[in-house]
Amino acid sequence: SKTTMKSKDLKILRKKITKLNRLDYNPISNLAGEDLTLNLAKTDEGAGSLAIAFVPSKSLEENRLKECLALFEENMGDLYRKSSWGLNMDEKAKELQHENARFLLLLTSANELAGFVHFRFEYDDDEKPSRGVLYLYEIQISAKF
């Protein structure tokens, strides 16, 4: 059974999660500046490099959101359609636009979306939180890569 947190510890946890969910918090900024670049040996498109950009949901441009949704549907659409829960792209769009949603976008040198990671900083339990967690919602990579 879960241990109930002390009031003081719960306040500290809430402050930490609130800080992580600030729009100006960039979890990769200390790694290599604003972007990270990966040099790839070879893809179907040829040799090249990919950049990783951190983007909070509020800063995700409409066209990027559409690209993320299209990539999700391309990769997962059939699986979801065949499942008991079905595919609801409106709900997926809402999930991606949640105020606490964060993205790592994998971009080609031509600014094409090669993939994305969607994550949030949340509590481990809504009713009886005991710690903050990083919840990974999506990892989607284009079949080209």
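This note goes through the predicted model point by point, from the overall fold to a few single residues.

1. Overall make-up. The secondary structure of this protein comes to four helices and five strands, and when these are read along the sequence they follow the pattern α-α-β-β-α-α-β-β-β. Of the 145 residues in the protein, 34% are buried. Among the contacts between residues at least 6 apart in sequence, 55% join residues that are at least 24 apart.

2. The largest nonpolar core. This core holds 15 residues, and those touching the most other members are L60, C68, L96, F103, L105, L113 and F116. Two or more residues come from each of β2 (48–56), α3 (62–82), α4 (89–96), β3 (102–108) and β4 (113–123). The element that gives the most to this core is α3, with four residues.

3. How α3 and α4 pack. Two packed helices are described by the angle between their axes and the distance between the axes. For α3 and α4, the axes come within 11 Å and cross at roughly 130°. The crossing in which α3 passes α4 is right-handed. On the side of α3, the residues that meet α4 are L65, C68, L69, F72, E73 and Y80, while α4 brings M89, K92, A93 and L96.

4. R64, a charged residue to look at with care. The side chain of R64 makes a polar contact with the side chain of E67, at 2.6 Å. Leaving aside neighbours within four places in sequence, R64 is in contact with L105, L107, N111, E112 and L113.

5. When its neighbours within four places in sequence are left aside, L113 is in contact with R64, E67, C68, L71, L105, L106 and L107. L113 is also one of the core residues that touch the most other members.

6. N111 in its loop. N111 is found in the loop between β3 and β4, and its phi is near 65°, a positive value in a residue other than glycine. The relative accessible area of N111 is 47%, so N111 is partly exposed.

Notes:
Residues are numbered from 1 along each chain as its sequence is written. This is a predicted model: local features need pLDDT of at least 70, side-chain atom pairs count only at pLDDT 80 or more; totals for chains, interfaces and linings use all residues. Side-chain values use heavy atoms; hydrogens and water are left out. A nonpolar core is a set of buried Ala, Val, Leu, Ile, Met, Phe, Trp, Tyr and Cys residues joined through side-chain atoms within 4.5 Å. Buried means under 20% relative accessible area, exposed over 50%, partly exposed in between (1.4 Å probe, protein chains only). Contact means heavy atoms within 4.5 Å. A polar contact is a pair of N or O atoms within 3.5 Å; within protein, one must be able to donate a hydrogen and the other to accept it, and residues adjacent in sequence count only if both atoms are side-chain atoms. Axes are lines fitted to C-alpha atoms, for helices over the stretch in contact, and angles run from 0 to 180 degrees between N-to-C directions. A crossing is left-handed if the near helix is turned anticlockwise from the far one by less than a right angle, and right-handed if clockwise.
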